[in-house]
Amino acid sequence: MLENKDLNTNKKELECFKAELSDADFLAFSEFIYSEFGIKMPPIKRIMLQGRLLKRIRELNMLSYKEYKEYFFSPEGQKKEIFNFLNVITTNKTDFFREPIHFDFLRDQILPQYIKNNEALKVWSAGCSSGEEPYTISIVLNEFKAENPTFRFSILGSDISNRVLSNAAKGVYAENKVGLMPMSLKKKYFLKSKDRANPSVRVKPELQSFLSLKYVNLMDGQYDVNETFDVIFCRNVLIYFDRATQEKVISKLCNYLKPGGYFFIGHSESLSGMNVPLKHIKPTIFIKE
Ligand SMILES: C[S@@+](CC[C@H](N)C(=O)[O-])C[C@H]1O[C@@H](n2cnc3c(N)ncnc32)[C@H](O)[C@@H]1O
């Protein structure tokens, strides 16, 4: 039998469940998300946002969206809650060897140029999510290094969600995430956990040693990145931005790309009609002019 205290808690939870994000509160969050992070949040995404914020409301033992909104926009909330907020509002879907023609192009067209000039190759995975993309790049570059021992490289992975960045740093993935990868690569670059109930794999330290990770909001005026890159992957990130924001972000990223450097976008993204210093060489693959 439930005690009075439990009944009250249940009632409160039920009230919270029933509560909806009001038009005004949705507008306040969506305008903030767009202006600070560039992410479009049209009315069609309201139910999605409502569901994602509910997670935080429960964790904070709050009773309504209104209470959460007041806390979030308070000076304390803006300091303490912003990273938790980002962790729930971002969409982080990713995979190892996602859109594989990019990795074929990297291996077959880009890398051969770099054994000749003897400089370390620098790659930036912007919007790297939980690390599958930069680790895939690391696998491709390590494979190339095995054939060309003098080849050197480094990879930067960045994102705005600390949750995914911390997952990337751990490098632990459910075993089915590497299910389609050739067995030879799995054996070479991953360690299998002994936990049969939760089969997982861990990226081997040698693959991790080439990767550094950092928080970068692509909407910021300037990025806290003090190097230029030979290759930038910015895939399936721009899709959440509107056209004007995409153009601004790509122009900024181009400041961090060396002349002749390569730029990859996702297959459902396009740069057509944008005034950016990139020349199209293949669908979704560009070179800096
Ligand atoms: C769908 S994932 C794509 C991951 C990977 N690039 C891929 O293609 O598989 C998009 C990532 O972009 C990040 N993101 C969204 N807005 C961003 C911003 N303003 N600055 C930096 N990263 C952002 C999200 O946190 C998310 O992890």
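Some ground rules. Residues are numbered from 1 along each chain as its sequence is written, and side-chain values use heavy atoms, without hydrogens or water. As the model is predicted, local features need pLDDT of at least 70 and side-chain atom pairs count only at pLDDT 80 or more, while totals for chains, interfaces and linings use all residues.

The protein splits into domain 1 (4–89) and domain 2 (101–288), with bounds from an automatic or database domain assignment. Their C-alpha centres are 32 Å apart. Ten residues of domain 1 contact twelve of domain 2 (heavy atoms within 4.5 Å). Salt bridges across that interface number zero (side-chain nitrogen of Lys or Arg within 4 Å of a carboxyl oxygen of Asp or Glu).

Now the largest pocket. A pocket is an open set of points on a 1 Å grid over the protein atoms alone, where a 1.4 Å probe fits, with protein on both sides within 12 Å along at least five of seven lines; lining residues have an atom within 4 Å of a point. Its volume is about 480 Å³, that is, the space filled by probe spheres set on the points, which are joined across faces, edges and corners. There are 32 lining residues, and Thr91, Asp159, Asn236, Val237 and Tyr240 are the closest to the centre.
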